[in-house]
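Hi everyone, thanks for coming.

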Amino acid sequence: MCGIVGYIGSKNAYPILIKGLQRLEYRGYDSSGVALYQHDKINVFKKKGKVSELENFCTEEETYTNVGIAHTRWATHGEPNDINAHPHQSMNGTFTIIHNGIIENYEKLKNDLAAKGFTFYGQTDSEVLANLIEYMYNEGEHVNAELAVRMALSRVVGAYGLVVMCKNEPEQLIAARKSSPLAIGIGDGEYYLASDATPMIEYTKSVVYLNDKDVAIITKNSFTLKTVDNDAAITPEVQQLELSVGELEKNGYDHFMLKEIFEQPKTITDTLRGRIDPATKEVFLGGLTEVMPRILDAQRVVIIACGTSWHAALIGEYLIEEYAQIPVEVEYASEYRYRKPIIRENDVVIAISQSGETADTLAAIGLAKEKGALVLGICNVVGSSVARETHAGIYTHAGVEIGVASTKAFTAQVTVLTLIALHLARKHQTINNERYFSIIDDLMCIPGKVESILLKHLAIKTIAEKYSEASNALYLGRGYLFPVALEGALKLKEISYIHAEGYAAGEMKHGPIALIDSNLPVVVVAAKDRYYEKVVSNIQEVKARKGNIIAVITEGDNALRNMVADIMEIPACDEVVTPLLAVIPLQLFAYYVALARGCDVDQPRNLAKSVTVE
Ligand code: AGP
């Protein structure tokens, strides 16, 4: 979603801001803009469309400055156009702001301000905030910019990642955060600001992640941290970034999504690293050690997530119930946070999130904590809000995921959930040695087997091209492969805009079978597992209605090979770890369909990488 970049120091800020915006393009956006402090004025340039359009727009302008802010907007209030793009300025131009998040009470604030004579040029909640700050600034006698920002924020209901420039105090940036991430990079006589670390990685490794309600006052030589409600300075916690610039490049791949699909042998290895004792093959989960007694006492596990992470959660449910024999419920975070769920103190709630910044997931975490549950996080982005808001957790170590369609994060999440289920099963003695060691052995072979599927990518490309004109698709799977069918369908719809539905194969007769005709591609995840015979029957039912079947099959399954129109093969493995293999051809299939349709694979329309608003 929206992205923030800021710079104050001695360098030319403009190229830093533009490059920073390009680094944030992966988050999804529809317009962008910069505000530059030049010759005692704050000049704003903004444009609907890609950052390249903003750059073209600024070609003839003078852009040199040492202080500037920049933004990519993903529209919430008001359509995407030049006017609603950020930065926004207050009525008299005293304040210029960039804002991520939503001001929920903006309408009331806007009416109050209008009654006091304020006028507005656009439809955004952010412009209202700029004017509220200006109103506070002009109201009191000794109100400086910092105090005006803090006073305004104390009247605001909602979420903000905010950077403010004041034309009367121009060599200073004021930044604030509530439920929308903001990081400050510390350089030598300079500071960088950004909504995630990617824009600053080539300049500094030292960062401070703002906490909720923190307000930072930054000049090129000083950084003071306060809170919205308190004037006393607090000590910032400086962290070292582990990210490298190389991780942010495509490294020869045409798209980040393709690169990330191909990274999976490595990322799954990284997720497993240090978590299975090579000698005893016991699972070790350092992040959970301290809270393990509480986890082992749990009467119930509730997993909350959104999108792809929710699909991983479903696999986690099957694994934990089958092997650790603890009841599990999987919830969409967006439903859970509002539906007055029963949460007991001996519940363990696991929040799964790649970005660690998904607004719904964070709200659900807050609710579960409030009710006294132990809340664990499975997340990818180190230092993210989910990592900080949960009592304990496990990082997936999949590395930066830039493609909006999640791929390597999914396999990393499923790997972590498999480790958790096996660890709990071992502790509860609900799994026998033979079964435990056999699953562990197969899990450790997964990276090599993923590699072998990736080698066949061109065969998958050919199949994808054959179906790229389809308007609809149905994905079917059973058991551990049902969530894989859901994930395959999500991948296809996200990046190719083909309407795709994932279904439990056994449910087909209860409705979706009506859709089947010779125009409908039906992707069946039909690896050899305990449901195999039943899935074959479902395939027969589709065939009888002339549906075109593309099946994900286990290598050597000649019976299915001869029964269906197209096959994508995966190596044999234990059914419990099959999702980690079966999803790979579906990721590639979606990628190549989108490519054939000429879609913007890494930045699909309307989508954002990290959904930081409701
Ligand atoms: C996946 O391809 C999606 N873009 C999306 O569904 C995503 O998984 C969802 O928004 C959750 O994100 P999170 O894992 O960062 O919380």
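First, a word on what you are looking at. This is a predicted model, in which local features need pLDDT of at least 70 and side-chain atom pairs count only at pLDDT 80 or more, while totals for chains, interfaces and linings use all residues. Residues are numbered from 1 along each chain as its sequence is written, and side-chain values use heavy atoms, with hydrogens and water left out.

Let's begin with the domains. The assignment gives domain 1 (3-246), domain 2 (250-450) and domain 3 (456-601); such bounds come from an automatic or database domain assignment. The centres of domain 1 and domain 2, taken over C-alpha atoms, are separated by 34 Å. Eight residues from domain 1 and eleven residues from domain 2 take part in the contact, where contact means heavy atoms within 4.5 Å.

How much area do domain 1 and domain 2 bury between them? About 830 Å², with 50% of it on carbon and sulfur atoms. Buried area here is the accessible area (1.4 Å probe) that two parts lose on being put together, summed over both. On the domain 1 side, Tyr26, Arg177 and Tyr209 lose the most area to domain 2, together 46% of what that side buries.

Now for salt bridges. A salt bridge is a side-chain nitrogen of Lys or Arg within 4 Å of a carboxyl oxygen of Asp or Glu. By this rule the model has 36 salt bridges, yet the count between domain 1 and domain 2 is zero.

Let me show you a couple. Arg273 pairs with Asp270, and their closest N and O atoms are 2.3 Å apart. Are these two partners buried or exposed? Arg273 is exposed, at 55% relative accessible area, whereas Asp270 is buried, at 15%. For these words, buried means under 20% relative accessible area, exposed over 50%, and partly exposed in between (1.4 Å probe, protein chains only).

Another salt bridge joins Lys466 and Asp566, at 2.7 Å from N to O. This pair links distant parts of the chain, 100 residues apart: Lys466 sits in helix 15 (residues 457-466) and Asp566 in strand 24 (residues 566-570). Helices (H or I, at least four residues) and strands (E, at least two) are DSSP runs, numbered from the N terminus.

On to the helices. Helix 14 (residues 433-454) has 22 residues and reaches 32 Å from its first C-alpha to its last, close to the 32 Å expected. That expected span is 1.5 Å times one less than the number of residues. Helix 14 also bends by about 45 degrees at Ile446, and Pro447 follows within four residues. The bend is the angle between axes fitted to the seven residues ending there and the seven starting there. Among the buried residues of helix 14 are Tyr436, Ile439, Ile440 and Leu443.

Helix 16 is mostly covered, with 14 of its 15 residues buried. After helix 16 comes Tyr497, whose phi is positive, near 65 degrees.

Finally, some backbone details. Most residues other than glycine have a negative phi, and most peptide bonds are trans. His86 and Pro87, though, are joined by a cis peptide bond, with omega about 0 degrees. Pro87 lies in the loop between strand 4 (67-73) and strand 5 (88-89). Asn251 has a positive phi, near 45 degrees, and at 51% relative accessibility it counts as exposed.
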